[in-house]
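Me: I would like to go through some terms used for this model and see what each of them rests on. Please set the values against the cut-offs.

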Amino acid sequence: MSVEVEVDESDLAEMVEQVWESYLDPEGVSPLIPTYDENQPSEVHSSVSITGSWSGHVVYASSRVAAQRAAAAFLAMELEEVSEEDMSDTLGELANIVGGNVKAMLPPGAQLSLPQVVLAPEASARFPNTERISGVYGMWEGEPVSISMWQSSTDNKEEGA
Amino acid sequence: MTPMRAMVIDDSRAMRMILKRIVTKLNFEAVEAGDGKEAMDLLADMTEVPELALIDWNMPNMNGLEFVTKVRADPRLREMTLVMVTTESEQSQIVRALAAGAHEYVIKPFTEGAMIEKLALLGLVPTGANS
């Protein structure tokens, strides 16, 4: 059973800002510039599922270049050195961090899954019986990045991933 | 002088790298483990126990809370300082971790400065280390 959740764009934007400040842009020179375009393209994505007091998914999606940049920042390596494994690992951790912070804003009793990473566009993701309820969409050094929340229908017993 | 040792336990290699960079900067020798079970296996083979463990909560095989509980139940590991580093930020979760024996709790995302401050509060930042 899922309850109405009040995590809005400004909450997500604050989480994103913290992630950028902590890991992706500690110098404060390359923030995520909002585009407000929920249809912006992506090439890779990661997600965590939340179940319990609220059911749904938190999805991090970006271009491959943005994912490579994120991995390079996390792993302190050059862009050319980043492997697919590095990219997957970083994408998973980004979904985990944002998802964990979303969970903290939910009523008690929510559980967070381990992250899932798919090196394919977010559009290929299938989250049955869900609707997008919130999202932050922007460009990071000219590359698309988005973080969105998908809520499962209240009567949905099957969790898609 | 023998450097202090820190065990970094997280299933994300990216997060292990970030934590390793911080503790190395503080002159710790870092040891990595991908989950609680791997960390326990490594500890079983060590003659000297690390002074510090930075522990994620959500990990496969053995999660961070289970790891903390096991460490606290082992007299040989009693002196280890345990810091949970996790996205689990609900008050009830923090209480559970501290009740199980964690000394400190750091919520992801964290800045390098925030982590160093926490370790300083625990008296684990070696003299002369510069944050």
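**Terms and the values behind them**

Reply: In this model, 18 residues of chain B are in contact with 21 residues of chain A, where contact means that the C-beta atoms of two residues, placed from the backbone, lie within 7 Å. Helix α1 (residues 13-25) of chain B gives the most to the side of chain B that touches chain A, namely six residues; helices (H or I, at least four residues) and strands (E, at least two) are DSSP runs, numbered from the N terminus. The model is predicted: local features need pLDDT of at least 70, side-chain atom pairs count only at pLDDT 80 or more, and totals for chains, interfaces and linings use all residues. Residues are numbered from 1 along each chain as its sequence is written, and chains are lettered from A and ligands numbered from 1 in the order in which they are written.

Me: Why is B:Pro109 called buried?

Reply: B:Pro109 has 24 other C-beta atoms within 10 Å. A residue is buried if 20 or more other C-beta atoms lie within 10 Å of its own, exposed if 12 or fewer, and partly exposed in between, with C-beta atoms placed from the backbone. B:Pro109 is therefore buried. B:Pro109 lies in the loop between β5 (104-107) and α5 (112-121) of chain B, and a cis peptide bond, with omega about 0 degrees, joins B:Lys108 to B:Pro109. Not counting residues up to four places away in sequence, B:Pro109 touches A:Gln18, A:Val19, A:Ser22, A:Tyr23 and A:Ile97.

Me: What makes α2(A) roughly perpendicular to α3(A)?

Reply: Helix α2 (residues 64-75) and helix α3 (residues 84-104) of chain A pack at an angle of about 85 degrees, with their axes 8 Å apart. The axes are lines fitted to C-alpha atoms, for helices over the stretch in contact, and angles run from 0 to 180 degrees between N-to-C directions. Angles under 35 degrees count as roughly parallel, over 145 as roughly antiparallel, 65 to 115 as roughly perpendicular and the rest as oblique. The pair α2(A) and α3(A) is therefore roughly perpendicular. The residues of this contact divide into eight nonpolar, two polar and one charged.

Me: How do you know that the buried residues of α2(B) are on the same side?

Reply: The buried residues of helix α2 (residues 36-45) of chain B are B:Gly36, B:Ala39 and B:Leu43. They cover an arc of only 60 degrees around the axis, which puts them on the same side of α2(B); the arc is that of the directions from the helix axis to the C-beta atoms. On the other side of α2(B), B:Asp41, B:Ala44 and B:Asp45 are exposed. The cover over the buried residues of α2(B) includes β1 (5-9), β2 (29-33) and α3 (64-72) of chain B.

Terms used:
Ala, Val, Leu, Ile, Met, Phe, Trp, Tyr, Cys and Pro count as nonpolar, Asp, Glu, Lys and Arg as charged, and the others, Gly among them, as polar.
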